[in-house]
Amino acid sequence: MVMKEADVRKSRPEEGAEAWRGFRRGAWQRGIDVNSFIESNISPYTGDESFLAGPTEATAELWEQVKELMKEERAKGGVLDIDVATVSTITSHAPGYIDRAKEKIVGLQTDRPLRRSVQPFGGIRMAADACEAYGYKLPDEMMRLFTEIRKTHNQGVFDAYTTEMRTARKAGIITGLPDAYGRGRIIGDYRRAALYGVDRLIEEKKKDLLQLETDAMTEEIIRAREELSEQIRSLGELKRMAASYGYDLSQPARNAREAVQWLYFAYLAAIKEQNGAAMSLGRVSSFLDIYIERDLAEGTLSEAEAQELIDQFVMKSRLVKFLRTPDYNELFSGDPTWVTESVGGMGLDGRTRVTRSSYRFLHTLYNLGPAPEPNLTVLWSRQLPAAFKNYCARVSIETSSIQYENDDLMRPYYGDDYGIACCVSAMRIGKQMQFFGARANLAKALLYAINGGVDEKLGIQVGPALAPVTSEVLDYAEVKAKYDRMLDWLARLYMNTLNVIHYMHDKYCYERIEMALHDREIVRTMACGIAGLSVVADSLSAIRYAKVRPIRSDKGIAVDFEIEGDYPQYGNNDDRVDRIAVELAESFMNRLRKHKAYRGAIPTMSVLTITSNVVYGKKTGSTPDGRRAGEPFAPGANPIHGRDKKGALASLASVAKIPYEQSLDGISNTFSIVPKALGKEAEARIHNLVSLLDGYAASGGHHLNVNVFEREQLLDAMEHPENYPQLTIRVSGYAVNFIKLTREQQLDVINRTFHGSI
């Protein structure tokens with residue numbers, strides 16, 4: 001039976017009387033439905049940025065303190081302090097502050113800013129190694145507890161791994177696997193804490209639990225009941241953590257300040273409990289705007305105070321830090337946390353989801369200066385208000401701190417209340433989660449096809465023992481046939497490996513609070529990824545259109561290649577090679593679909609490498625395209641550095657051909673252009689960047705990182721890092737502080753194509 005609005009008011013008078021005053025009623029009151037609340041109450045904004053306010057005195061002083069702490073952190077080698085005595089949980093640490101008197105939004109992961117916590121449930125060895133790398137040591141008792149008594153996710157994974165899986169992991173044919181840390185890429189609907197209060201969320205979870213009192217206690221029902229019980233327990237811990245700061249989260253937020261604080265506490269609980277590869281924030285700006293607009297209308301909040309709330313909320317997200325090993329940081333450069341916030345987009349009702357708070361979030365890049373976190377992601381549509389498009393372009397040109405994803409492409413799949421997890425992966429918030437799974441190295445697989453499954457680096461049999469290619473000149477048909485068989489093997493092994501990882505993660509490192517902020521019934525995806533797309537496309541193109549002669553070692557392994565003649569290269573809008581890239585993406589995705597995924601997950605695929613393109617290149621020998629052994633791959637779906645020679649538009653056109661429907665986990669494209677290429681004057685540059693983004697979206701391009709700077713600036717930052725403490729660059733689905741990259745990674749960025757013309 002559908003309840004009438006009058007019945008809703010009678011059933012929950014305590015909520016409607018105060019916290020929900022002035023809000024338009026709707027389905028969001030009858031059940032947990034944040035999107036219904038937004039649809040009913042959003043105030044779309046089509047104006048410009050002229051209303052924005054600068055930082056308050058308190059915010060400016062707090063940020064100066066934070067910058068000093070970050071300077072100390074860099075001076076100590078990247079980690080300021082570690083609390084080795086405490087296992088991090090939602091309630092493990094006493095309240096922490098930067099400067100309590102000045103903070104409008106409070107809460108830290110530990111009891112002091114930039115002090116990192118120990119999160120051993122993913123793997124005790126990784127936690128211990130991370131501590132030792134920075135001069136700390138875990139207590140013997142903690143090591144014993146998580147080695148002999150409390151099993152970890154990592155131990156479970158390696159207990160179940162097959163010999164084949166271990167060998168593939170060692171060789172780097174499958175790499176970056178989340179088998180020693182929290183998997184991440186799950187977006188809790190942190191907005192629910194603010195809109196409903198925690199008591200209502202607990203009440204709804206208890207109803208879910210009651211519905212699972214069935215006659216047949218199957219494995220699925222037993223697991224669901226245990227998980228729900230853990231979720232309810234975590235919500236109680238969230239209340240206790242907030243109470244330690246003096247806040248009662250049992251009831252809904254009554255004003256904008258409480259809405260920001262409640263939402264942040266829910267997110268804080270998640271990052272205190274999980275060391276995930278990507279702890280994304282979701283899509284909060286337009287939700288929070290509803291509270292801000294109400295307070296502004298009531299006269300209880302000024303624009304300066306509204307900006308202060310957003311500035312301090314963003315400041316807290318910039319303080320998010322995890323304890324990770326140097327090996328992890330080599331894969332995921334720059335100490336990122338991927339606190340991804342998705343801004344803008346359009347509603348299914350035709351109204352924009354841009355609000356004044358969309359501007360306020362972007363404005364933090366001026367009030368606090370550029371920074372990688374939060375990973376600000378604009379959901380770009382050609383229908384976005386023109387003034388907002390122009391502002392985004394200006395911020396990109398001046399800070400290089402925004403990435404763009406094609407809302408027109410994603411909205412038909414995910415509706416209008418989705419967010420981006422990690423870098424480029426879309427999911428419906430609170431209704432979908434992802435089993436994250438790193439990448440399969442397609443370039444190394446091509447070498448396996450040529451060398452009969454023998455690893456060119458290790459000299460051991462890793463792939464299936466096929467007959468190697470022995471001809472003097474590589475024959476396209478022969479290589480392609482063997483490559484197809486090798487990819488069949490790789491897709492099967494990859495999916496099976498991910499199934500092991502996620503079974504064990506659910507068992508030993510379950511994301512209680514994040515899943516407590518989801519519906520009971522959700523869609524799960526198995527997020528697979530590929531690395532080396534452009535390397536393989538160019539390699540197969542070279543074999544097909546030029547003459548490629550392998551140079552073999554005394555053991556008969558092809559360790560280098562000679563190329564005679566020219567061949568079409570990916571990144572120049574040449575269909576001869578671009579079709580090869582498209583077919584690679586389509587065929588590998590189809591191979592993944594053939595295999596059963598854990599918990600009925602739907603296989604998806606990304607063309608994404610983060611900055612791991614450097615590490616993947618190190619693990620891969622010379623390839624038939626002319627790339628030398630150890631040289632980096634191109635990041636994501638990008639063309640190889642320097643090969644896209646026909647200008648920016650041709651490069652973008654090649655990447656836009658990769659079909660999104662076959663790569664629903666995302667297609668990363670990092671784009672760098674020198675300022676003068678966009679125009680001589682500021683207004684011309686803004687206009688041209690907007691036109692470029694509109695054109696890329698119209699052609700089906702999914703994602704675009706935008707960097708606007710001169711190569712000389714980066715070279716100077718390498719030599720004088722002290723002058724560039726906040727220099728932010730987009731790398732591959734996220735941003736980093738340039739000076740936090742290793743020199744090798746900095747050189748990789750500098751060697752990428754800087755387009756000098758459109």
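What follows is a conversation about reading a few features of this predicted model.

Biologist: Before we start, what ground rules apply to this model?

Modeller: It's a predicted model, so local features need pLDDT of at least 70, side-chain atom pairs count only at pLDDT 80 or more, and totals for chains, interfaces and linings use all residues. Residues are numbered from 1 along each chain as its sequence is written, and side-chain values use heavy atoms, with hydrogens and water left out.

Biologist: Let's take the sheet. In what order do the strands of the five-stranded open sheet run?

Modeller: General idea: strands of a sheet pair through backbone hydrogen bonds, either parallel or antiparallel. Helices (H or I, at least four residues) and strands (E, at least two) are DSSP runs, numbered from the N terminus, and two strands pair if DSSP finds at least two bridges between them. Here the order is E4-E5-E6-E17-E16, with mixed pairing. Strand E4 (340–344) and strand E16 (670–673) sit at the edges, each pairing on one side only.

Biologist: In which sense do E4 and E5 pair?

Modeller: Parallel, over five bridges, with E5 spanning residues 375–380.

Biologist: Which residues of E5 are buried on each of its faces?

Modeller: In a regular strand the side chains alternate between the two faces of the sheet. Buried means under 20% relative accessible area, exposed over 50%, and partly exposed in between (1.4 Å probe, protein chains only). In E5, Asn375, Thr377 and Leu379 are buried on one side, and Leu376, Val378 and Trp380 on the other. That's six of six residues.

Biologist: What kind of peptide bond joins Glu373 and Pro374?

Modeller: A cis one, with omega about -10°. Pro374 belongs to the loop between H16 and E5.

Biologist: Now helix packing. At what angle do H16 and H17 pack?

Modeller: Axes are lines fitted to C-alpha atoms, for helices over the stretch in contact, and angles run from 0 to 180 degrees between N-to-C directions. For H16 (residues 356–367) and H17 (residues 386–399), the angle is about 20° and the axes are 10 Å apart. Angles under 35 degrees count as roughly parallel, over 145 as roughly antiparallel, 65 to 115 as roughly perpendicular and the rest as oblique. So H16 and H17 are roughly parallel to each other. Contact means heavy atoms within 4.5 Å; residues meeting across this pair include Tyr359 and Leu362 in H16, and Phe388 and Tyr391 in H17.

Biologist: Which residues of H8 are buried?

Modeller: In H8 (residues 163–171), they're Met165, Ala168 and Ala171. Seen down the axis, these buried residues fall within an arc of 135° (taken from the directions from the helix axis to the C-beta atoms), so they line one face of H8. They pack against strand E3 (174–175), helix H19 (442–450) and helix H20 (476–508). Thr163 and Lys170 are exposed on the face turned away from that side.
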